Amino acid sequence: LPDVITQTNAIKQLSALGLDVMELITDNGYYSDNNLAELLSCGYHFITLAKTSLKWIKPEIDKHVEDLNSITTACSYDVETHCKTVILTKEFTRVRKYANHTKGEEKGSEKKFTRRIYLHIYYNHMRAAEDRSDFEQDLMDIKQKLESGAFTLDQLSKSAQNKASQYLVIGTKGGKIHVTFNKKACQERGRYHGYFALVASHEKNAEEALRRYRKRENIEGMFRAGKQSADMDYVRVWDAETLRGRLFVQFITLCYYEYFSEKLRQVKSTLGITNGDEKHDTKENLDMERKLFSWMSNTPIYAQLQWFDTVECVNISAALKKKRWTTEITARDKMYLEKLGIESIK
């Protein structure tokens, strides 16, 4: 079954909330013809990342290489990225889920149909350099592993084996494994470094399609924060009501988490910068702020919270029970708390 069928019931439930028009933004796990056919048949709006190596996308890239290297196609909000939209009429095939005896259509039979789709092609020269570096580094690593004798070809990962078969020539010389590069294949692959493509059902504008696609990163970021900071890795509940309560508490937690994150961003933006206050602009204070900035930049939020979890009050019994004890707090910790508006321990 196409992957998209797993989302059908959830979309139907959302429609009960009045969300009649929705748009699915997906990564390149959904670019297959079967998935696109199912999305189009159901009438869903979608934008999905697609591989540039697909046989119906690569020729379109070849046609528009010159345009994508022109300043006239530069994206208005990201000038390093150039974009071009191609309107295609493509034939799709869908497997019938139900039989229609009136029309003589059997369950499982194929139905062909054509739809207009929008292929948005993008080129980023910075990404091209990164793609080339990653590609060449991967091939060099495979070459060294094979020539050193540490690995045989069948001991490499499937991905490495595929790359070796396409871009390397493996032989023996003097009784040893000798590996050279398939120059023609490598050059052909290099032609498409820096390119990526989005396929859309309704969005005609390449810049807007890219903007919407990038918004999915915000949602993925929230899920990542939830798993790291709100105990969302595993849902340990027995019934739907408990699940709703758990998700509600996690939602509130994430709201506080994001509020705290923004507060930390504001604090970091002021650290180590003179502001005209003589007491603040001393070398000693600015050096301390820069150390605090370095610590905050290299310590994730959950680790910062865990660090301050060790600063606690301790009640001592016996003769000293009336005295208030605290664990050690450093000058950096004191500055951190004061910058956040929290009264630090004296």
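Here are legends for a few close-up views of this predicted model.

Residues are numbered from 1 along each chain as its sequence is written. Local features need pLDDT of at least 70 and side-chain atom pairs count only at pLDDT 80 or more, while totals for chains, interfaces and linings use all residues, and side-chain values use heavy atoms, with hydrogens and water left out.

**View 1. Strands 4 and 5.** These two run antiparallel and are joined by 15 bridges. Look for Thr93, whose bridge partner in strand 5 is Lys112.

**View 2. The largest nonpolar core.** It's a set of 28 residues, of which Trp56, Ile57, Leu119 and Val199 touch the most other members. A core here means buried Ala, Val, Leu, Ile, Met, Phe, Trp, Tyr and Cys residues joined through side-chain atoms within 4.5 Å, buried being under 20% relative accessible area (1.4 Å probe, protein chains only). Strand 5 gives the most to this core, with 5 residues.

**View 3. Around Leu119.** Setting aside neighbours within four places in sequence, Leu119 is in contact (heavy atoms within 4.5 Å) with residues including Ile57, Lys84, Val86 and Val199.

**View 4. Another core.** A second, separate core has 17 residues, among them Ala230, Phe260, Trp295 and Met335.

Definitions and conventions
Buried < 20%, exposed > 50% of the residue type's maximum accessible area, 1.4 Å probe, protein only. Helix = DSSP H or I, 4+ residues; strand = E, 2+ residues; numbered from the N terminus. Pairing = 2+ DSSP bridges.
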